[in-house]
Amino acid sequence: MDRRRRRIGFTTTLAARLGAALTLVLTLLLAVPAAWAYLPQGNAVSDPTALLRNALPMEQGDLQGLQHRLEDTSDDLRAKRWSSLTGSVRRAESQLGGSRERILASFDPADRPTAEALLADTAVHLQELAAAGEAQDRDRFLAARREALADIGQAEALLVGPFPFTIPAEFDGLPRLLGRATVRLTTTKGDLTTVVDGYNAPLTAGAFVDLVQRGFYDGLPFNRAEDFYVLQTGDPAGPATGYVDPISKQERTVPLEIMVPGQEAPFYNQTFEDLGMFKAEPVLPFASKGTLGWAHSDEALGDGSSQFFLFLFEPELTPAGLNLIDGRYAAFGYVVDGFDVLEELTADDGIVKATVVEGADNLRPHA
């Protein structure tokens, strides 16, 4: 069998199971009586910037509490509960005022002036949020919330300390991303901006950024495209199915790498089923359209080399317990801009050029 066709983001069996799950969900949502409205509706966080904020290896309860309060306004906004929205924002203003000094004390003295400026900007955006809530202006509310959360996210990023864990010595020869990087994927339909997360998937993100810098993905087509499932690339021309190291002349492989909340380091080459963690959710879940996933073959978990996929499944249609991707494949980042382009991409398209826009200094070629 052609290995090139097997080196995919989803196995054929898994794709079929995912399709069956989607059919089941749609049947339940469309056919059941109104009294069954309590069925799970896939209410997990699906915004990529929120997922990235939540995945930062830092703890500052006041700042994270403020972040979550603002993120939790989404339900009220969808239901147009404007008085509740305004009340939530006023409480957020009070929360920021009451914890400001405690938050600032958490920062390294060198970062404190930047943090103070970010908190000042956040306070201004909260005032704009309150005014938008009182005016019942949805677009204005969304814009102000986006700005406030961006400031909070920048402040939280300043609180990340040294790299949080030691990568196993058996992987010393692999590149690793000790932080985050922003990568622009220029496609035949336009640009996608992605953020890859080395805090939680350093080897996967490191291999990806290393290949981007080598120009490996430039000019490669999407070698697999399935509506509502995946859009995949990274299969080079010729007999190889991945990146062949020019020195060793061997295909470089990357282990399956999944970080779980509460664990000190990622699990390597083990699925959630292998670990008996049947209800676990990874720190980087496949919960957003445009999640970046690392492909491996049907036969092995650790033979992924260069091929990656863009997750296209609508997460809102995946109730709890029906996500068949988390724990089987490694997510290593998210599309954060260019979703209109993502909607247009097909198997007839490809990557024109991939560029590291920010964070290249976080890449190490090996241990």
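Lys353 is partly exposed, with 43% relative accessible area; here buried means under 20%, exposed over 50%, and partly exposed anything in between (1.4 Å probe, protein chains only). The structure is a predicted model, in which local features need pLDDT of at least 70 and side-chain atom pairs count only at pLDDT 80 or more, while totals for chains, interfaces and linings use all residues. Residues are numbered from 1 along each chain as its sequence is written, and side-chain values use heavy atoms, with hydrogens and water left out.

The partner of Lys353 is Asp218, and the two form a salt bridge whose closest N and O atoms are 3.4 Å apart. A salt bridge is counted when a side-chain nitrogen of Lys or Arg lies within 4 Å of a carboxyl oxygen of Asp or Glu. Lys353 lies in strand β11 (residues 351-358) and Asp218 in the loop between α9 and β4 (222-226), so the pair ties together parts that are 135 residues apart in sequence. Asp218, at 28% relative accessible area, is also partly exposed.

Asp210 and Arg214 form a salt bridge, with 2.9 Å between the closest N and O atoms. Both residues belong to helix α9 (residues 202-214) and are four residues apart, about one turn of the helix. Asp210 counts as buried at 10% relative accessibility, whereas Arg214, at 47%, counts as partly exposed.

Glu343 is exposed at 52% relative accessible area, while Lys289 is buried at 18%. Elsewhere, salt bridges that share partners join Arg90, Glu93 and Glu134 into one network. In total, the structure holds 15 salt bridges.

These pairs can now be placed in the whole chain. The protein chain has eleven helices and twelve strands, taken as DSSP runs numbered from the N terminus (helices H or I, at least four residues; strands E, at least two). Of its 367 residues, 50% count as buried. Among contacts (heavy atoms within 4.5 Å) between residues at least 6 apart in sequence, 74% join residues at least 24 apart. The accessible surface of the protein chain comes to about 17000 Å², and carbon and sulfur atoms account for 52% of that surface; accessible areas come from the Shrake-Rupley method with a 1.4 Å probe, and for residues only the protein chains shown count as cover.
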